[in-house]
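Thanks for coming. Please have a look at the model on the screen, and I will talk through the packing.

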Amino acid sequence: KAAKQGDADAEYNLGLRYLNGEGVSQDLIKAFDWFRKSAELGHVLAQSQLGRCLLEGIGVNPDKAEAVIWLRKAAVQGSATSQNDLGLCFLNGDGTANDSGAAAEWFTKAAEQGHADGQNNL
């Protein structure tokens, strides 16, 4: 009910339920839609998850350029996971130009927060 009233936390949580099939039938398209609604309201975890969905084609056709946009929004708000994912995008040229310097910057930000993958990617 709260998700339908525009509560970003509730929208994100409903997206997770659809993604994982918890309490509802798994529906990746609905998960993506709820993540997008929440992300558009500025929910950092939803922005991170939306970026991952776009990157990997979960519930939507892959769009790596749009994935980078959402990952960056979450990364600048301090999401270590998004910082690492954004670093990988720069490293591999996924949705953005290949830029090892930018990749290292994002991996460092993630690593400084204790993100194991960020530390390993340095």
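L50 touches F32, F35, R36, A39 and W70, leaving aside residues up to four places away in sequence; contact means heavy atoms within 4.5 Å. This is a predicted model, so local features need pLDDT of at least 70 and side-chain atom pairs count only at pLDDT 80 or more, while totals for chains, interfaces and linings use all residues. Residues are numbered from 1 along each chain as its sequence is written, and side-chain values use heavy atoms, with hydrogens and water left out.

L50 is also among the residues with the most contacts inside the largest nonpolar core, together with F35, L54, L86 and F90. That core has 26 residues. A nonpolar core here is a set of buried Ala, Val, Leu, Ile, Met, Phe, Trp, Tyr and Cys residues joined through side-chain atoms within 4.5 Å; buried means under 20% relative accessible area, with a 1.4 Å probe and protein chains only.

Next, the helix pair. α3 and α4 pack at about 160 degrees, with axes 8 Å apart. Helices are DSSP runs of H or I, at least four residues, numbered from the N terminus. Axes are lines fitted to C-alpha atoms over the stretch in contact, and angles run from 0 to 180 degrees between N-to-C directions. The angle makes α3 roughly antiparallel to α4, a term for angles over 145 degrees.

On the α3 side, the contact includes L50 and L54; on the α4 side, W70 and L71.

Last, S79. Is S79 buried or exposed? At 12% relative accessibility, S79 counts as buried. S79 lies in the loop between α4 and α5.

Note on methods:
Buried means under 20% relative accessible area, exposed over 50%, partly exposed in between (1.4 Å probe, protein chains only). Helices (H or I, at least four residues) and strands (E, at least two) are DSSP runs, numbered from the N terminus. Angles under 35 degrees count as roughly parallel, over 145 as roughly antiparallel, 65 to 115 as roughly perpendicular and the rest as oblique.
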